[in-house]
Structure formats: structure tokens, C-alpha cells
Amino acid sequence: MPGIVTDEIELIHTDKGGGGGSSSGGDDGGGGGEFGGSGSVPQRTYITGMTVGLGGILMFFMALVSAYIVRKDIPNSGWHSLAVPRILWLNTAILIASSFTLVRARKLLRAHDEQGFRHWWSVTTILGIFFLAGQVIAWRQLAAAGLFLSTNPSSSFFYVFTAAHGVHLLGGVLALTWIMFRPLHRLTRGTATEVAAMYWHFMDGLWVFLFLLFLQGR
């Protein structure tokens, strides 16, 4: 009997410890997720979240655009066409260029060129800062011409549009800076750059649309 009991205990112990192998993989384990272990989160989860967030931002700006169009077309409403500051042309070119440098940075990241990635990623960040500085200059030019937030409806919409877009773009600049300098212990850099690029290109396209709206409303 003692020998049989001992054999049974050894069999139970073997069943508990074997047959499973390693339960976790690398960064891409768990069905293509970006975190290791059983609680891995797929990259598409972050992309979907960003898509939903961008949809909310788009709805916000489209509501402002609708109000702008309706207000502009009201007769005898005191609407005066706003002369678009010339620096906005330069600002637009800067922001478009930043999308190209961002694409370049991501290509170098996929090629495992860390130095090249950091260079072009930082160029994108600096261009974003230049754009924001240019927007402040545009506001100062309008203020010097006596056009303020409450001067007339057209100037009010201009300040609201540019301020709202500037705040959102500032968030993008902070995200680019965080990705470049902060060690990413859990979220992989590939996922972070993908989501940040989605946001940045969206802000770029949104600004081009707003700029054309300003030109059309002159």
C-alpha cells in the first residue's frame, strides 16, 4: 500500500506541472496583442479607440462649421469678411510638411533605424511647435488691426476655430514628445507611433479644411 500511494501522488504532481508549456509569449503573443501574458491587448484596440476619439473631434468641428455657415448667410447680421493673415499660408505649409516628416520617421522605425527615427520624429515635433507659434503671431496681427474675439462674428469664429484646433494640436505635440523621450515599458513603440500618426494626420487635414473655409469666407 505505501508504494501504491506514493506512485499515485507522483502521478498527480506530474499532471499539475506538465502538458501546458509556457503560458505567455512575447510582445505579439495573445492573438497578436501588444502586451505580453494572458491579458494582452491587440493593437487594433488602440486604433479603434483613436478612431472613435477622432470621430468625436470631427463632430465637434463640424458643429462649429455648420454654425459658421448659418451665421455668415444671415442677412444684415453685421458679418464682415475677415482678411486672412498671410502667415496662415506659411503655417499651413509647415503643418503639411510635418505630415511628410512623420511618414519618414515611421519608415525609419520599421527599418530599425533608431537614430533616423528620432531625428525625423523630432523634426515633426518642432514643426508642430512652429505652427502653434505662427498661430499666435496671426492672433497678434489681428489684434494689432483692432480685430478681437468680440469685434464681429467673423473674427469670433476665427479665434474659436484656431484656438480649438491649436489646443488639439498641442495635445499632439505633447504626445510626439512623450513617444520620443519616454521609455515605453508596456505599450510598444510601433503601436504608439501608429496611433499618434493617425491623430497628427487628422489634425493636419482638419487644418487644411479650416484654412480653405477661411479663404472661402473672405
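# Helices, burial and salt bridges in a predicted model

Visitor: How many residues does helix α4 have, and how far does α4 reach from its first C-alpha to its last?

Guide: This is a predicted model. Helix α4 covers residues 87–110, which is 24 residues. At 1.5 Å a residue, a span of 34 Å is expected, and the span in the model is close to that, at 35 Å.

Visitor: Which residue with a positive phi follows α4?

Guide: Helix α4 ends at residue 110. The residue with positive phi that follows α4 has a value near 65 degrees, and this residue is H112.

Visitor: What distance separates the end C-alpha atoms of helix α3?

Guide: Helix α3 consists of residues 43–72, 30 residues in number. At 1.5 Å a residue, α3 should span 44 Å. The separation of its end C-alpha atoms agrees with this, being 43 Å.

Visitor: What covers the buried residues of α3?

Guide: The buried residues in α3 are M50, L54, I57, F61, L64, V65 and Y68. Their cover includes two helices, α6 (153–181) and α7.

Visitor: Is D204 buried or exposed?

Guide: D204 is located in helix α7, which runs over residues 189–216. Its relative accessibility is 7%. Because buried means under 20% relative accessible area, D204 counts as buried.

Visitor: Which residues does D204 touch, not counting those up to four places away in sequence?

Guide: The C-alpha atoms of D204 and S99 are separated by 7.2 Å, although these two residues are 105 residues apart along the chain. With residues up to four places away in sequence left out, D204 touches L95, I96 and S99.

Visitor: What is the area of the nonpolar surface patch made by I126, I129 and F130?

Guide: F130 is placed in helix α5, residues 114–144. At 47% relative accessibility, F130 counts as partly exposed. Together with I126 and I129, F130 makes a nonpolar surface patch of about 280 Å².

Visitor: How many salt bridges does a search of the whole structure find?

Guide: Side chains of opposite charge can pair when their charged atoms come close. A search of the whole structure finds salt bridges numbering four.

Visitor: Why are E114 and R118 separated by about one helical turn?

Guide: E114 is partly exposed at 35% relative accessible area, and R118 is partly exposed at 32%. The separation is about one helical turn because, in helix α5, the two are four residues apart.

Visitor: Which residues are linked in a network of salt bridges?

Guide: The side chains of E114 and R189 meet in a salt bridge of 2.9 Å, N to O. E114 lies in helix α5 and R189 in helix α7, so this pair ties together parts that are 75 residues apart in sequence. R189 is buried, with a relative accessible area of 19%. The residues linked in a network of salt bridges are E114, R118 and R189.

How values were computed
Residues numbered from 1 in each chain as written. Predicted model: local features only at pLDDT ≥ 70, side-chain atom pairs only at ≥ 80, totals over all residues. Heavy atoms only, no water. Expected span 1.5 Å × (residues − 1). Buried < 20%, exposed > 50% of the residue type's maximum accessible area, 1.4 Å probe, protein only. Contact = heavy atoms within 4.5 Å. Patch = residues over 30% accessible without salt bridge, like charges linked within 9 Å, V, L, I, M, F, W, Y side chains within 5 Å. Areas by Shrake-Rupley, 256 points an atom, 1.4 Å probe, with all protein chains shown as cover.
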